[in-house]
Amino acid sequence: MADPAPLSQVACVVTAYRPSAELIANVQALVAQSGRVIVVDDGSGPGYEQILGKVAEIGAEVERLATNSGIGAALNRGLERARQTPGIGYIVTVDQDSVLPPGYVQSLLAGEAAARLRGLAPGLIGPARIHGNPVMSSGTRNGVVLGREPIQSGLMITMQALEHVGAFQEELFIDLVDTEFYLRATDAGWPTILADAEFDHSLGTFVEARVFGLPVMLPAGPLRVRTAASWRYYYIFRNRILVSRQYAKRHPVWIATGLWADLRHLAWVTTLAPGRSSRLAAAATGVRDGILGRSGKKPRP
């Protein structure tokens, strides 16, 4: 069994936007598991000095962006700072609301070491489970479990892969930033593996399903559906088109599967969740701008 790299070689980059006080405890958990923690506030504006000050007090570095520039830009700013530390070989990217339990980073390092022992050099290392649910795999190689497009939070990236693949695409702003990076890393020969690790992460908001104003009842109680904020559907559909254009030739199955999943989800929440008109309008605008090749932050009407 190969020895995993020491925790001192790991830097955690946390992106924050108008954070709640839970960010303090989440960062505290990271300080105990890495050599450096960098929190990048993505233009939250005034009113968050106390929370970010507490974060700095417990040992994290805090950088505040002047304007809301998107998760890609915030991640890249954190990565730039992490690169300035000699000896850093791994970056773990974390959302502000993700809770990484004790031993999580060590488990990712152990998974990476085990993969290298089997002759596989992974570029990305993700957990096998999120909030108790297994993460989808894409088979095995040399006995190592490979992962499909991992979510950005809780993801470890080797510095070798990062130097080879390049930075996150800032022009996507939010949504599919992690997916595009995964596809680019895969094409560059840096596979994603799943380690024996787990953490809690919020994936959208659950609301009570209603049809014609009436709740949908199941034997176990009212049906609840997972949905995102209405404005997110602009980026989901716009970026799906933008990323699909980049990878259509190399990953046609991924493109078809992703488009179908987005359309199916939109149909489901349109039927059952409130906020239908604003959600559909955001998605339609996203489709239009995606076709026109527009990127960056959505301009205000």
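Where does L176 lie? L176 sits in the loop between α5 and α6. F173 is found in that loop too, with α5 spanning 159-165 and α6 spanning 177-187.

This is a predicted model, in which local features need pLDDT of at least 70, side-chain atom pairs count only at pLDDT 80 or more, and totals for chains, interfaces and linings use all residues. Residues are numbered from 1 along each chain as its sequence is written, and side-chain values use heavy atoms, leaving out hydrogens and water.

Most residues other than glycine have a negative phi. F173 has a positive one, and so does L176. Buried means under 20% relative accessible area, with a 1.4 Å probe and protein chains only.

| Residue | Phi | Relative accessibility | Class |
|---|---|---|---|
| F173 | near 70° | 7% | buried |
| L176 | near 70° | 11% | buried |

**Two packed helices**

Helices here are DSSP runs (H or I, at least four residues), numbered from the N terminus. Helix α1 covers residues 22-31 and helix α2 covers residues 49-57. They pack at an angle of about 15°, with axes 9 Å apart. Therefore α1 is roughly parallel to α2 (angles under 35 degrees). Axes are lines fitted to C-alpha atoms over the stretch in contact, and angles run from 0 to 180 degrees between N-to-C directions.

The crossing of α1 past α2 is right-handed (the near helix is turned clockwise from the far one by less than a right angle). On α1, L23, I24 and V27 make the contact; on α2, I51, L52, K54 and V55 do. Contact means heavy atoms within 4.5 Å. By class, the contact has 6 nonpolar, no polar and 1 charged residues. Val, Leu and Ile are among the nonpolar types, and Lys is one of the charged.

Note on methods
Parallel < 35°, antiparallel > 145°, perpendicular 65-115°, else oblique. Buried < 20%, exposed > 50% of the residue type's maximum accessible area, 1.4 Å probe, protein only.
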